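Subject: the structure we talked about

Hi,

Here is the structure I promised to pass on. Have a look at it first, and then read my notes below.

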Amino acid sequence: MNVLVLGIGNLLLQDEGAGVRVVEELEKRYEIPECVELLDGGTSGIELLQYIRGRDALILVDVVRSGEACGTITRYDGDDVPALFQSKISPHQLGISDLLATARLLDSLPKQIILFGIEPKSMDTGLELSPEIAAQIPGLAECIAQELQNLGIALELR
Amino acid sequence: MATRITIDPVTRIEGHLRVDCEVTNGRVNNAWASGQMWRGLELILKGRDPREAWIYAQRICGVCTTVHAIASVRSVENALKMEIPLNAQYIRNMLIAAHAIQDHIVHFYHLSALDWVDVTSALQADPRKAASLAQSLSSWHLNSVQELTQTQERLKSFVDGGQLGIFANGYWGHPAMKLSPEVNLLACTHYLQALEVQRRANMIISILGSKTPHIQNLAVGGVANPINNDSPSTLSMERLYYVKTLIDELGDFINNVYLPDVCAIGGFYSDWTGYGAGVMNYLSVPEFPLDTKGTAFELPGGYIPNGDISQFRAIKDFQDEYFSKAVSESVKHSWYKGEADLHPWKGETEPNYTDFQDNGKYSWVKAPTFNGAPAQVGPLANVLCLYAAGHLPTRKYADKALSMVSSIAGKPVRIAALHSTIGRHAARAIRAAVLCETLNKQWQLLIDNIGKGDITTFNKPEFPNGEVSGVGIHEAPRGVLSHWIVIADKKIKNYQCVVPSTWNSSPRNSNDKPGPYEASLIGTPIAVADRPLEVLRTVHSFDPCLACAIHLVDKESRGIVTVKTS
């Protein structure tokens with residue numbers, strides 16, 4: 001099993017960067033085994049292609065506007081994920097949508113794709129997450145650790 | 001009667017650009033380019049340590065991470081009048097060249113080729129005919145019948161499966177699509193191959209920059225790469241020789257695929273050498289410093305007024321006031337407070353939103369000017385300035401490209417044809433070929449310098465008390481990038497980025513002169529008003545990327561492309 005955990009977002013726009021903050025939290029909390037790579041994808045798109053090929057599973061972490069209360073964590077999988085990025089739920093919709101479509105064209109889309117989303121509060125200019133979102137980061141990191149556990153990869157706490 | 005077309009957003013990459021055109025008798029007679037987001041990213045930097053500005057600056061945009069990092073460290077070094085070790089210059093130069101090559105290849109094949117290439121037509125092609133056409137253009141080893149047949153089968157299964165995905169937004173079957181099925185198939189084949197090739201450029205960046213998409217190896221005063229032949233975790237000869245094989249693969253693709261493809265498309269669409277010129281004042285800056293002080297450069301830069309290359313004037317170096325004193329920004333037609341044009345060191349970013357007013361304010365982008373006039377930036381400006389300066393590799397590749405286009409078009413196509421929509425694509429391909437030579441040369445310079453025993457990569461910056469200011473200039477893939485910094489008592493007092501897409505997507509300035517996108521659209525023929533492919537061709541030829549051009553994020557997410565006619 002070979003898994004990429006890809007956090008997406010812009011750190012300069014407060015909660016926009018939540019996906020990247022979750023990746024940082026995972027790194028801080030757990031010993032990461034060889035078969036898992038954590039990647040801060042920023043707001044890149046097609047440049048990330050080289051990181052997703054050859055993976056058995058891709059776990060994306062991003063802010064998602066689903067209309068729920070801010071800080072709500074949502075989970076999607078399978079074909080729902082590329083379909084979601086075709087709609088308007090994420091600020092990184094185009095970049096990630098093109099990335100996934102291109103990977104599909106090249107037959108290099110991982111078999112399992114899981115998206116964890118968190119509902120943002122503020123996406124104004126600033127480096128700090130809003131308190132409601134910051135409080136959810138450890139919980140979201142635990143969800144991802146649990147997901148990896150379901151894939152057969154147990155993470156040890158540091 | 002005039003028809004109004006609104007396209008919003010125009011790009012598939014970062015940022016939101018809206019373009020409005022007024023069309024009379026099948027041609028555009030007025031146009032407006034409008035940035036639809038406001039970002040105050042520079043505000044984050046105020047009060048911070050100048051040594052860490054680049055780490056935040058490279059987060060401004062997901063496409064141009066490296067370029068903002070480079071311009072940022074250069075701005076601080078310029079303020080401190082620092083010298084940079086040779087090894088650091090060469091390593092940075094290689095990062096810059098590799099990034100630009102990756103960007104140019106992705107722009108042509110993945111962000112704009114589908115404006116000219118019809119994927120559905122490629123399904124009708126005869127792979128044998130396509131292969132023999134390809135072999136007449138170049139000796140690329142992946143132009144075989146087998147390779148072309150495979151691509152066609154892959155496209156078929158994609159289209160039959162109803163999953164057009166990345167191709168879903170194309171204007172298939174549009175009357176302005178003119179390539180034969182065979183040329184379309186060849187271009188689609190290279191589209192797929194280019195996805196592989198661009199990874200090679202990214203690998204160079206990963207090796208030198210320690211990480212992508214955000215490089216980790218920069219520092220104000222040099223780079224953080226330790227050079228040591230005995231340790232595999234540092235930059236060793238073994239790694240550098242691997243980089244060399246990657247450079248060679250890029251060169252093979254650029255010379256045997258990218259450049260011939262652009263020439264073929266230019267030859268078949270030679271009528272497009274007559275559209276899209278727009279603002280013909282061209283600005284570029286010198287790049288690839290070859291000494292520690294930043295006074296000698298591999299590629300010269302400068303300014304050409306009114307498209308007349310005999311009037312080229314060089315910008316000599318990073319200190320040249322011909323550049324630093326000539327730049328100012330107007331907000332007369334932008335959603336900011338203020339009246340007078342301001343120099344970036346004095347720049348203000350106070351929002352003043354109205355609604356979209358054709359004759360008033362209509363954009364979040366400011367209007368930069370060079371000595372009071374709008375200027376076009378980007379590969380075309382760069383190539384014309386290099387050509388005017390007599391840069392030999394540029395002359396070689398430009399002449400080669402023009403002769404290929406002439407033979408395909410069946411008529412002489414001269415350098416003046418570059419002042420056009422298709423000319424911007426040709427210039428980008430010419431520049432990619434030049435950059436590959438530059439990359440090779442910088443690699444050799446680095447190897448030779450390490451061979452002399454020099455392993456220095458960093459000079460420690462010393463910050464004075466009081467106020468100093470500097471500008472970091474960089475000829476980025478989309479053109480002239482400048483970061484303007486004012487440092488007071490070792491902290492950032494002001495920081496302004498004047499980015500390439502600000503120059504090109506500029507609204508009208510204080511004299512109501514239109515910006516390059518706007519001017520380039522005047523006269524463009526429009527065959528079908530609600531499918532304005534021709535507008536997209538011209539705007540896309542600039543390689544627009546607005547994430548950083550606009551000084552908050554869109555409050556409401558928008559649909560992919562909406563076209564309104566009224």
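A word on naming before anything else: helices are DSSP runs of H or I with at least four residues, and they are numbered from the N terminus. Also keep in mind that this is a predicted model.

After α11(B) comes B:G390, and its phi is positive, near 80 degrees.

Next, a pair of helices in chain B. Helix α8 (residues 181-209) packs against helix α9 (residues 237-268) at an angle of about 150 degrees, and their axes are 9 Å apart. Angles over 145 degrees count as roughly antiparallel, so that is what α8(B) is relative to α9(B). Their crossing is left-handed. On the α8(B) side the contact includes B:V183, B:H190, B:R200 and B:I207, while α9(B) brings in residues including B:R239, B:L250, B:F253 and B:D261. Sorted by type, the residues of this contact are 14 nonpolar, two polar and four charged.

Chain B also has an open sheet of three strands, in the order β13-β14-β15, with antiparallel pairing. The edges are β13 (467-476) and β15 (491-498), each of which pairs on one side only. From one strand to the next the twist averages 15 degrees. Helix α3 of chain B (residues 65-79) packs on this sheet and touches β13 and β14; the direction of α3(B) makes about 145 degrees with that of β13(B). If you want to see the strand pairing itself, β13(B) and β14(B) (residues 479-488) are linked by ten bridges. One place to look is B:G472, whose bridge partner in β14(B) is B:H483.

Over in chain A, which faces of strand β1 are covered? Both: A:V3, A:V5 and A:G7 are buried on one side, and A:L4, A:L6 and A:I8 are buried on the other. In a regular strand, side chains alternate between the two faces of the sheet. For β1(A), residues 3-8, that leaves six of six residues buried. This strand runs parallel to β4(A) (residues 57-63), joined by five bridges, and parallel to β3(A) (residues 36-42), joined by six. A:V5 is a handy landmark here: it stands opposite A:I59 in β4(A) and opposite A:L38 in β3(A).

Cheers

Terms used
Residues are numbered from 1 along each chain as its sequence is written. Chains are lettered from A and ligands numbered from 1 in the order in which they are written. This is a predicted model: local features need pLDDT of at least 70, side-chain atom pairs count only at pLDDT 80 or more; totals for chains, interfaces and linings use all residues. Two strands pair if DSSP finds at least two bridges between them. Helices (H or I, at least four residues) and strands (E, at least two) are DSSP runs, numbered from the N terminus. Axes are lines fitted to C-alpha atoms, for helices over the stretch in contact, and angles run from 0 to 180 degrees between N-to-C directions. Two residues are in contact if their C-beta atoms, placed from the backbone, lie within 7 Å. Angles under 35 degrees count as roughly parallel, over 145 as roughly antiparallel, 65 to 115 as roughly perpendicular and the rest as oblique. A crossing is left-handed if the near helix is turned anticlockwise from the far one by less than a right angle, and right-handed if clockwise. Ala, Val, Leu, Ile, Met, Phe, Trp, Tyr, Cys and Pro count as nonpolar, Asp, Glu, Lys and Arg as charged, and the others, Gly among them, as polar. A residue is buried if 20 or more other C-beta atoms lie within 10 Å of its own, exposed if 12 or fewer, and partly exposed in between; C-beta atoms are placed from the backbone.
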